[in-house]
Amino acid sequence: MISSKPNVLVQGITGSEGTYWTEQMLANGTSVVAGCTPGKGGQEVAGVPVYSTVVEALVQHPIDLSVIFVPARFVKGAAVEAIEAGVPSVIVLAEFVPVHDTMEILALARRAEAKLIGPNCPGIVFPGRDFVGIMPGWSDRLFAPGRIGVVSRSGSLGALINLNLVAGGFGQSAFLGLGGDPIVGTTFRDALEWFETDPNTDAVVLLGEVGGPMEESAAEFIPSMSKPVIAFIAGQNAPEGKKMGHAGAMVSGGKGTAASKMAALAEAGAHVASVPSEVVELLRAL
Amino acid sequence: MFVEEHDAKQLISTGGITIPQGQTVQTPDGAYGVANGISGAVMVKAQVPTGKRGKGGGIIKCDTPDDAREAAERLLGSELSDFTIDRVLVEGCADIAQELYAAITIDPVSGGPLLMLSTEGGMDIEEVHATSPDKVQMVTIDIESGLGAGQAMDLAVETDLDPQMHVPLAGMLLTLYGLFRQYDAELLEINPLAVTLSGELVALDCKLVIDDNAVFRQPGAGPERHIGTALEIEAKEQDFLFVELEGDVGVLANGAGLTMSTMDAVTAHGGSPANFLEVGGMAYKRATPALALVLKNPNVKSLLVNLCGAYARTDVIAEGLIAGFHELKPELDVSFCIHGTGEDRAQQLVRDELGIEPHESMDDAVREAIANAAAYTGSRP
């Protein structure tokens, strides 16, 4: 994942969201080294130099990670530009990216051996170090340095569980927001593999939701892990064939139900909570 | 977005796939007219935005134009899968030698397109795959290179079709893949795909689902008839993500994951949620109309507002909700739990403006909302 503090490029830095979150990231320890907006080269945003192209930014700065703040329909162009220029990791925050665009970005990322997180994701937070994305990484009610790895499809559920963890005296080694789309670049299984090798993590909290096979795939990896996994799956009431807010959160053909995911995770040895507040209780009981 | 059969067939026909001769009509006499212009028997098919019409009696084979008129009379105005049938497709019958299944969908495991081909057409492909998996070929496609001609030919040769059919079938698969990409499809399915006695491939039915996120660049897709309850359709027209359920606790939360979890907690504590409605993400500045939607459901007997702000600012949501409460003056009890971005100001606003003390714990708020619903004695319109 992002094991050491990355130098960050913000694509779409001159937009209102890009500017606001760049200021927040800079104020909270994130190393934002450059921004990019086509045609806006030579400007500055919050003291960060802006370039018209990713390549121009790369000529001037070492860049480990690009976070993309452009609207959904421009995401493919921005992500392809970053990956083709050689940026090793890309985070796509936007919701409503066409899934054919996501498939193309993902295929390119695999070929270029670049990491993709998202789309439709809240980003990543390393409490006490930095954050990249749109989570309030500065909030000491949501985040505290600690040894629990948290991975969530959803930002809002991630926020709730992080709040409960901190209130319960726990802290996080990292929070990874994967995104609510049917296809995302980084999966639960990728996250579990990373947390398993991360020396700062003692236990992992996995926050899934209905739809798709991602939780089941992650469950296959759990028996080989040395670290305990606590899981909660949102959408236990979700009716068949209805998108529950996230494009990827839909039970279809009887598949992707919360019950099947909870069963697969429990069978694999994860501790499965039935309500969000139970996550902290299960952690305490380890 | 679900593209109805007739529209989907027009799109694939323009792309070069053969479809039966036919036309949609809205009257029994129209059905007679179309059937009269087609030699031989016709199919009269209800046009509703959902699958599984055959099992619901929505597809009728008619030997004469008079039969077609009668079938249309029976179907038009009747209900099928919660839809009133307002038009039927009348089309010619093919001389079927064999029925195939061909579809391209998006595979969440590989993260790319998945082509499925089977010689067991006309059936539910999931059933076929469960009972005789060897009858279904599944191939993941590299989206960067697309479906290759050799790959398509290999698939065709693997079927037990007459060798004369291999090239036409491979060609049809290539066309199908091109259309899948062109129309930003989540699913493009031809089932059944008929091989006629004269050796032609004809799409007897076609299901096309276009990615909702790509509708903006699909001008040919036409207007969508929304699926769902009246309230769900109203919500969709306002761009809200809303699902109506059977319970009595109205739920307002931010973000899909938190909203689902809040509903789960209502159920876990013995209550029953009335809806899914997300006021997070892009919707967090529109809490006033969101509240109005939840209150429009006459089953709602108490309200539960559960906010945990990350990107969404809870104080902005609270402002919108308070404006809604002042305007709509709902006569029911409301339970709040507010945390995350903007929580101090949001909690203070709720205290000052509504005189309600937000709960510290989400479970306490959930339990109170369930008790309020049970104790509700009013009668809301």
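Biologist: Which is E113(A), buried or exposed?

Modeller: Keep in mind that this is a predicted model, where local features need pLDDT of at least 70, side-chain atom pairs count only at pLDDT 80 or more, and totals for chains, interfaces and linings use all residues. Residues are numbered from 1 along each chain as its sequence is written, while chains are lettered from A and ligands numbered from 1 in the order in which they are written. A residue is buried if 20 or more other C-beta atoms lie within 10 Å of its own, exposed if 12 or fewer, and partly exposed in between, with C-beta atoms placed from the backbone. E113(A) has 8 C-beta neighbours inside 10 Å, so it counts as exposed.

Biologist: Where is E113(A) found?

Modeller: Helices (H or I, at least four residues) and strands (E, at least two) are DSSP runs, numbered from the N terminus. E113(A) isn't a glycine, yet its phi is positive, near 55°. Its place in chain A is the loop between α4 and β7.

Biologist: And which is N120(A), buried or exposed?

Modeller: N120(A) also has a positive phi without being a glycine, at about 60°, and it belongs to the loop between β7 and β8 of chain A. Because N120(A) has 28 C-beta neighbours inside 10 Å, it counts as buried.

Biologist: Which residue does a cis peptide bond join to P119(A)?

Modeller: P119(A) sits in the loop between β7 (115-117) and β8 (123-126) of chain A. Omega of the cis bond is about 10°, and the partner of P119(A) is G118(A).

Biologist: Which strand of chain B holds P192(B)?

Modeller: P192(B) is joined to N191(B) by a cis peptide bond, with omega about 5°. In chain B, P192(B) lies within residues 185-196, which form strand β11.

Biologist: What radius of gyration does chain A have?

Modeller: Chain A carries nine helices and 14 strands, and 60% of its 286 residues are buried. The radius is taken over C-alpha atoms, and the globule rule is 2.2 Å times the number of residues to the power 0.38. For 286 residues a compact globule would come out near 19 Å, which agrees with what chain A has, 18 Å.

Biologist: How many residues of chain A and chain B make up their contact?

Modeller: Two residues are in contact if their C-beta atoms, placed from the backbone, lie within 7 Å. Chain A gives 51 residues and chain B gives 47 residues.

Biologist: Which element gives the largest share of the side of chain A that touches chain B?

Modeller: Elements giving two or more residues to that side are α4 (99-112), α5 (155-167) and β12 (203-209) of chain A. The largest share is seven residues, and it comes from α5(A).

Biologist: What is that side of chain A made of, by class?

Modeller: Ala, Val, Leu, Ile, Met, Phe, Trp, Tyr, Cys and Pro count as nonpolar, Asp, Glu, Lys and Arg as charged, and the others, Gly among them, as polar. The side of chain A that touches chain B then has 29 nonpolar, 16 polar and six charged residues.

Biologist: Inside chain A, which element gives the most to the side of domain 1 that touches domain 2?

Modeller: Chain A splits into domain 1 (7-117) and domain 2 (139-284), with bounds from an automatic or database domain assignment. Their C-alpha centres lie 26 Å apart, and the contact takes nine residues from domain 1 and six residues from domain 2. Two or more residues on the domain 1 side come from each of α4 and β7. With five residues, the most comes from α4(A).
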